[in-house]
Amino acid sequence: MEIRKLKLSGFKSFVEPAELRIEPGLTGVVGPNGCGKSNLLEAIRWVMGENSPKSMRSGGMEDVIFAGTASRPPRDFAEVVLHAADDEGEALDVTRRIERGAGSAYRVNGNDVRAKDVALTFADAATGAHSPALVSQGKIAQVIAAKPAERRMMLEEAAGIAGLHVRRRDAESK
Ligand code: ATP
Ligand code: MG
């Protein structure tokens with residue numbers, strides 16, 4: 001899978017609609033402190049289904065919505081669109097939107113889908129929210145300090161087999 005474009009609106013500090021093209025190969029995000037580098041990476045994780053407040057550095061899920069500043073009013077929704085291409089080159093457009101008081105909704109190529117469908121799609125392609133395809137601040141130190149079981153989970157994410165655990169748990173609970 002290849003991530004080609006990211007569109008953000010009302011997500012954290014990206015209050016005005018913003019569009020970023022992502023070229024093939026390794027992408028680095030540089031800029032002064034507080035300019036939104038980590039927010040960008042979090043937007044990619046979020047659209048892939050990330051729901052852990054800790055990894056989004058937020059208290060609740062609605063905290064990803066632009067909270068307003070002294071000169072700008074808060075927004076009532078946040079939306080992130082990820083344009084990707086699967087290994088066959090087919091377009092995969094994923095949208096996640098959250099509205100205050102209304103929770104999150106996901107769309108893939110224009111169709112409503114469940115959060116889990118999105119998370120599994122990316123996990124299977126080894127580019128999921130927890131995959132080593134996204135290297136955030138402190139990640140290298142985490143890999144070095146990880147316990148063997150945690151390190152195995154990282155390798156499973158990298159290999160694209162993490163979704164199998166979810167499917168097995170599902171099958172066992174039926
Ligand atoms: P550093 O170099 O220090 O790691 P960074 O470029 O990674 O900085 P981020 O952490 O991505 O910066 O961005 C931080 C900025 O985002 C802060 O100014 C913070 O106020 C703003 N921010 C985060 N969440 C929201 C929100 N919900 N509404 C408005 N602004 C937000
Ligand atoms: Mg940062």
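This is a predicted model: local features need pLDDT of at least 70, side-chain atom pairs count only at pLDDT 80 or more; totals for chains, interfaces and linings use all residues.
## Around ligand 1

The shell around ligand 1 holds 15 residues. Of these, Ser13, Lys37, Ser38, Asn39 and Ala67 come nearest. By type, the shell splits into eight polar, four nonpolar and three charged residues.

## The annotated binding site

An unreviewed UniProt entry gives the feature "binding site" at Pro32, Asn33, Gly34, Cys35, Gly36, Lys37, Ser38 and Asn39. Two of these residues are described below.

Cys35 sits in the loop between strand 2 (18–21) and helix 1 (37–47). Is Cys35 buried or exposed? It has 12 other C-beta atoms within 10 Å, so Cys35 is exposed. The cut-off for exposed is 12 or fewer.

Lys37 lies in helix 1. Its count is 16 other C-beta atoms within 10 Å, so Lys37 is partly exposed. Setting aside neighbours within four places in sequence, Lys37 is in contact with Val29 and Gly31. Lys37 is also among the residues that come nearest to ligand 1.

## Helix 2 and helix 5

Helix 2 spans residues 115–124, and helix 5 spans residues 162–172. They pack at an angle of about 140°, with their axes 7 Å apart. Helix 2 is therefore oblique to helix 5. Angles over 145 degrees would count as roughly antiparallel.

Which residues meet here? Helix 2 brings Leu120, Ala123 and Asp124. Helix 5 brings Ala162, Gly163 and Val166. The contact of helix 2 with helix 5 comprises four nonpolar residues, one polar and one charged.

Definitions and conventions: Residues are numbered from 1 along each chain as its sequence is written. Chains are lettered from A and ligands numbered from 1 in the order in which they are written. A residue is near a molecule or strand if its C-beta atom, placed from the backbone, lies within 6 Å of it. Ala, Val, Leu, Ile, Met, Phe, Trp, Tyr, Cys and Pro count as nonpolar, Asp, Glu, Lys and Arg as charged, and the others, Gly among them, as polar. UniProt positions are given in the numbering used here, feature names are shortened, and annotations may be inferred rather than shown by experiment. Helices (H or I, at least four residues) and strands (E, at least two) are DSSP runs, numbered from the N terminus. A residue is buried if 20 or more other C-beta atoms lie within 10 Å of its own, exposed if 12 or fewer, and partly exposed in between; C-beta atoms are placed from the backbone. Two residues are in contact if their C-beta atoms, placed from the backbone, lie within 7 Å. Axes are lines fitted to C-alpha atoms, for helices over the stretch in contact, and angles run from 0 to 180 degrees between N-to-C directions. Angles under 35 degrees count as roughly parallel, over 145 as roughly antiparallel, 65 to 115 as roughly perpendicular and the rest as oblique.
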